[in-house]
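Take a look at the chain below. Keep one topic in mind as you read: how its parts meet.

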Amino acid sequence: MSDEPREATMSVWRGTKSGGRFETYTVPSDEGMVVLDVIHRIQALRAPDLAVRWNCKAGKCGSCSAEINGHAALMCMTRMNTFAPGEEITVSPMKTFPIIKDLVTDVSFNYAKAREIPSFTPDPSVKPGEFRMQQVDVNRSQEFRKCIECFLCQNTCHVIRDHEENKKAFSGPRFFVRLAALEMHPLDTNDRLELIRQKAGLGFCNITKCCTEVCPEDIHITDNAIIPLKERIVTEFYDPLAWVKRRIMGETPTRVGKGEPEPPSAKV
């Protein structure tokens, strides 16, 4: 085992919304470090004014999201031994959100989108203590509730990453997960399908799975949330066979969709 001192070299973005640049720092490193550890050491030894958001350092609070060598990831869950010895590591703030300072971004967009989603609405005739669910429904909802709101999926989604103008009309993958959890809950009585189709902009997603690839909680965002929601929209608004079946069975008629909304970026 070598006794030679280890060093880590990082190129860290420094600046504000007005502009900035990458600054390179070299600091001592220890075995077992993660990227966030090195950032903290840079703060301690080289740049005490370096701004970084973090909390738990255990991959559960979602605070330390950044782009490491261009890849969206949690700094606390990215181990230094995954990089080549001597490799210069680039750390930059999430691209999709406005920069506040250095590695800290303004993610208030996500909280505004969260407020647009109607809450869980149980049947008022069912009293507390009388709720019953099948285990399969519990398991489905449990996956969606693993979300730690790191917003890496939001950051990676090209619909808003590459088109700022789409943000008003598109909720993003994190909130399709939330909507799926509510829509698939057997005890929820709220109808959100028109909201999902028109206001949340589900149709803008072309299921490239980039959101799923960066999720630190391994939520199958595309397969288990987005695609099932798309299927429900098609069945409710556009499926002629579903329309015929409902007519025959005397059920509530299928609603007629008046065309999918276009993303604002399509008009630019």
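What follows goes from the domains to the contact between them.

This is a predicted model, where local features need pLDDT of at least 70, side-chain atom pairs count only at pLDDT 80 or more, and totals for chains, interfaces and linings use all residues. Residues are numbered from 1 along each chain as its sequence is written, and side-chain values use heavy atoms, with hydrogens and water left out.

The chain splits into domain 1 (7-105) and domain 2 (108-249). These bounds come from an automatic or database domain assignment. Over C-alpha atoms, the centres of domain 1 and domain 2 lie 32 Å apart. Domain 1 gives 16 residues to the contact, and domain 2 gives 18 residues. Contact here means heavy atoms within 4.5 Å.

How much area do domain 1 and domain 2 bury between them? The value is about 1200 Å², with 55% of it on carbon and sulfur atoms. Buried area is the accessible area (1.4 Å probe) that two parts lose on being put together, summed over both. On the side of domain 1, Ala 72, Thr 96 and Phe 97 lose the most area to domain 2. Together they make up 42% of what that side buries.

Now turn to charge. Between domain 1 and domain 2 there are 2 salt bridges. A salt bridge puts a side-chain nitrogen of Lys or Arg within 4 Å of a carboxyl oxygen of Asp or Glu. The side chains of Lys 60 and Glu 217 form a salt bridge, at 2.9 Å from N to O.
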